[in-house]
Amino acid sequence: MADLSQFLETLTAGNAVMNLVGPATIPDFWNRHAWDSAQLLALAPEAKTWADLGAGAGFPGLVLAILGKGRPGFHVHLVESMAKRCRFLSEVVGALDLPATVHNARAENLDLAVDIVTARACAPLSRLLGYAWPYVRKGAVGLFLKGQDVASELEEATKSWDLLADIVPSLSDARGRIVRVRRLGRARKS
């Protein structure tokens with residue numbers, strides 16, 4: 001809890017100088033950001049290695065790293081293409097001594113083998129699956145935090161992707177959903 005509180009302080013200060021999260025969401029940090037991110041652990045309790053694509057302000061990646069701290073073999077790869085956000089992520093990782101690595105790179109250009117690939121507020125599902133494909137192809141399961149439009153995003157994604165996925169209700173927001181992708185491949189053109 002102390003690490004999450006310190007993360008909140010760093011986020012609040014960082015958000016004053018760069019757009020990390022919507023300012024109106026900071027007062028609801030515990031439910032909207034922390035709990036929303038933390039719920040992923042229950043969907044993959046044995047997972048040790050995670051990749052958070054489009055890590056941005058660190059949701060869910062930094063929260064997962066905080067909660068996995070001290071667990072043998074637990075590690076989160078925070079993948080972010082914007083250098084200023086990487087500096088913020090590195091500051092939090094260093095200050096809290098988290099089991100995480102910050103990658104200033106595009107997700108699809110990295111060669112990481114992980115148990116779980118995740119993302120939140122990164123891109124529409126059809127594009128996000130392109131970023132996640134190299135990870136899922138190597139055996140990762142995708143856990144993608146999405147909003148109430150998930151059904152239409154999933155329908156659009158099936159035009160380009162052949163996937164085995166299910167939708168899990170969010171525990172932090174009745175409108176939220178988690179798309180769990182177990183298999184992913186390019187859709188065949190008809």
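In the predicted model, Lys138 and Asp111 form a salt bridge (a side-chain nitrogen of Lys or Arg within 4 Å of a carboxyl oxygen of Asp or Glu), with the closest N and O atoms 1.9 Å apart. The pair links distant parts of the chain, Lys138 being in the loop between H6 and E5 and Asp111 in the loop between strand E3 (100-104) and E4, 27 residues apart. Helices (H or I, at least four residues) and strands (E, at least two) are DSSP runs, numbered from the N terminus. Lys138 is partly exposed, at 41% relative accessible area, and Asp111 is exposed, at 63%; buried means under 20%, exposed over 50% and partly exposed in between (1.4 Å probe, protein chains only).

The structure holds 9 salt bridges. Another of them joins Arg120 to Asp36, with 3.0 Å between the closest N and O atoms. Arg120 lies in strand E4 (residues 116-120) and Asp36 in helix H2 (residues 29-38), so this pair ties together parts 84 residues apart in sequence. Arg120 is buried, at 16%, as is Asp36, at 10%.

In helix H7 (residues 150-157), Val150, Leu154 and Ala157 are the buried residues. They lie on the same side of H7, because they cover an arc of only 60° around the axis, taken from the directions from the helix axis to the C-beta atoms. These buried residues pack against helix H6 (125-137) and strands E5 (141-146), E6 (161-169) and E7 (177-186), contact meaning heavy atoms within 4.5 Å. Ala151 and Glu155 are exposed on the face turned away from the buried side.

Residues are numbered from 1 along each chain as its sequence is written, and side-chain values use heavy atoms, with hydrogens and water left out. For this predicted model, local features need pLDDT of at least 70 and side-chain atom pairs count only at pLDDT 80 or more, while totals for chains, interfaces and linings use all residues.
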